[in-house]
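Morning, everyone. Please have the sequence and the model open while I talk.

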Amino acid sequence: MNEAILPRDKGAAPLDLMIAVMAFLAALALGASLIADRAAQNWQNGLAGKITVQILPPQRGDAGKTLGAETQTVLGILRSTAGIARVNALSQAEQVKLVQPWLGTGNLVSDLPLPQLVDADIAPGSDVDLAALSTRLKQAVPDAVLDDHSHWIGRLRDLAHTFMWSAYGVLILIAVSMAAAVSFATRAGLDTHHEMVALLHQMGAQGGFIARAFEWHYFRSTLVAAAAGAAFAALLFMIAGGLQFAGVEAVPFLPPLGLKAQELLWLSVVPAGAGAIALVTARLSVLAALRSIY
Amino acid sequence: MVRFENVGMRYGAGPEVLRDVTFVLEAGSFTFLTGLSGAGKTTLLKLITVAERPSRGLITLFGHDLATVRRKTLPALRRRVGVVFQDFRLLDHLSAFDNVALPLRIAGGQPADYALDVDELLSWVGLGDRLGAKPPTLSGGEQQRVAIARAVVAKPDLLIADEPTGNVDAEIGARLIRLFAELNRLGTTVVIATHDRSLMENTRSREMRLVDGRLVELRVRT
């Protein structure tokens with residue numbers, strides 16, 4: 001007893017399918033924004049607090065000997081600088097490994113005059129005057145270039161933020177499309193159930209009573225369809241994470257495409273949001289339509 | 001309770017289907033609205049039940065001038081009117097119980113509060129064993145009795161019935177009229193549109209007759 005006033009529409013499957021697909025795309029966009037956010041954090045954490053000094057190979061004389069002396073000078077300056085916690089000159093093998101993704105493993109690498117790289121970590125909480133350090137290095141070793149990675153960090157952060165905002169834009173577009181679809185379906189539902197609406201109206205039902213019958217109807221169906229779409233997207237993210245865990249190599253320079261458990265929970269925002277959109281849209285559509293009835 | 005003054009009604013640009021209709025329904029009265037098909041009975045009932053606006057004239061319902069009453073007051077006025085539609089207008093996906101309970105749900109009632117009343121009423125109209133039946137599985141007469149139970153379940157101040165006994169046998173018809181009379185005795189104002197003059201026998205009532213959209217005859221049976 002006390003059954004739902006609005007019957008289940010027989011032709012509702014296409015709407016449910018469309019909602020599920022939109023929720024799937026929304027969950028993908030949301031997941032991608034989470035991955036971009038995590039990547040930006042990782043890049044920031046990985047590079048912040050680190051500086052690199054690059055000593056270009058000399059063009060004249062005994063390049064190897066000069067480069068070695070310049071490296072020792074740079075190491076000395078860095079070690080004597082307050083706030084520098086660790087200093088390390090990269091070995092030839094480490095430097096070759098760095099350029100291997102671009103130049104491969106052939107003889108070309110060993111024939112090229114590679115610059116000497118010196119890594120240094122800034123102690124947490126220390127305030128190193130990088131401009132003054134750069135000037136001191138330049139004066140002592142004109143071929144030395146100090147890189148505090150701020151340029152890279154900034155660009156990576158901008159890239160990640162661009163990606164995140166694009167994902168949010170996609171989410172907004174999907175939300176608007178979903179609202180339009182539910183509005184259209186509600187109006188079609190009002191037409192289909194015109195006699196029932198007229199009867200309830202005639203029996204003295206307030207607009208809110210009739211609207212509730214529609215809004216809960218579309219809320220439930222949208223919630224279920226969107227949950228299915230979001231669950232499918234979550235499954236894909238879990239498969240992506242599983243592939244990585246199984247040792248399948250990720251695309252170079254891209255962050256891992258899997259989502260952590262707490263990030264997967266964020267995907268539940270999609271069906272909840274979709275349900276809320278359906279609820280509000282259906283209510284507004286019904287109330288607007290009822291205003292045209294005496 | 002209901003007052004019509006020089007009321008006229010036309011649909012769109014068509015001819016007037018009601019012309020200069022003037023009458024008063026006193027509280028507690030029992031009225032038969034008669035007339036041939038097309039005389040305007042259903043339109044007159046639609047105006048009384050606030051389903052349509054008149055093209056001209058003044059209608060007062062429960063002391064409210066319908067031309068000036070605020071829109072948000074209309075649902076409350078409609079809830080005071082029980083209507084038995086000629087075509088029943090039952091919701092096919094709801095059980096007989098839920099169809100009858102609909103006015104109580106609309107009024108904000110809870111199933112626990114009205115379940116017994118609905119059961120009793122359906123038993124009274126002979127459908128005590130068909131509570132869970134959906135209208136498509138009911139005969140025409142059974143559907144009509146569900147429609148009547150739905151109209152009276154909320155104990156309306158005004159009961160409007162459009163050909164309420166058209167699909168039931170004489171015995172059930174007489175029983176339904178007794179139900180209307182009983183409601184009338186308890187204070188409900190009753191208006192029944194019919195062309196079955198036998199219904200008027202043995203009922204203390206007033207007759208309003210419509211001919212070509214005009215109210216031409218007023219008669220009291222005692």
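Contact here means heavy atoms within 4.5 Å. By that rule, 30 residues of chain B meet 21 residues of chain A. Before going on, the ground rules. This is a predicted model, where local features need pLDDT of at least 70, side-chain atom pairs count only at pLDDT 80 or more, and totals for chains, interfaces and linings use all residues. Residues are numbered from 1 along each chain as its sequence is written, chains are lettered from A and ligands numbered from 1 in the order written, and side-chain values use heavy atoms, without hydrogens and water.

How much area do chain B and chain A bury between them? About 2300 Å², with 59% of it on carbon and sulfur atoms. Buried area is the accessible area (1.4 Å probe) that two parts lose on being put together, summed over both.

Salt bridges between chain B and chain A: zero. The cut-off there is a Lys or Arg side-chain nitrogen within 4 Å of an Asp or Glu carboxyl oxygen.

Now the domains of chain A. Domain 1 covers 13–45 + 153–290, and domain 2 covers 49–148; the bounds come from an automatic or database domain assignment. Their centres, over C-alpha atoms, lie 49 Å apart.

Last, helix H1 of chain B, residues 41–48. Helices are DSSP runs (H or I, at least four residues), numbered from the N terminus. Six of its eight residues are buried, so H1(B) is largely enclosed by the rest of the structure. Buried means under 20% relative accessible area (1.4 Å probe, protein chains only). Among them are Leu44(B), Leu45(B) and Ile48(B). Val50(B) follows H1(B), with a positive phi near 60°.

Definitions and conventions: Buried means under 20% relative accessible area, exposed over 50%, partly exposed in between (1.4 Å probe, protein chains only). Helices (H or I, at least four residues) and strands (E, at least two) are DSSP runs, numbered from the N terminus.
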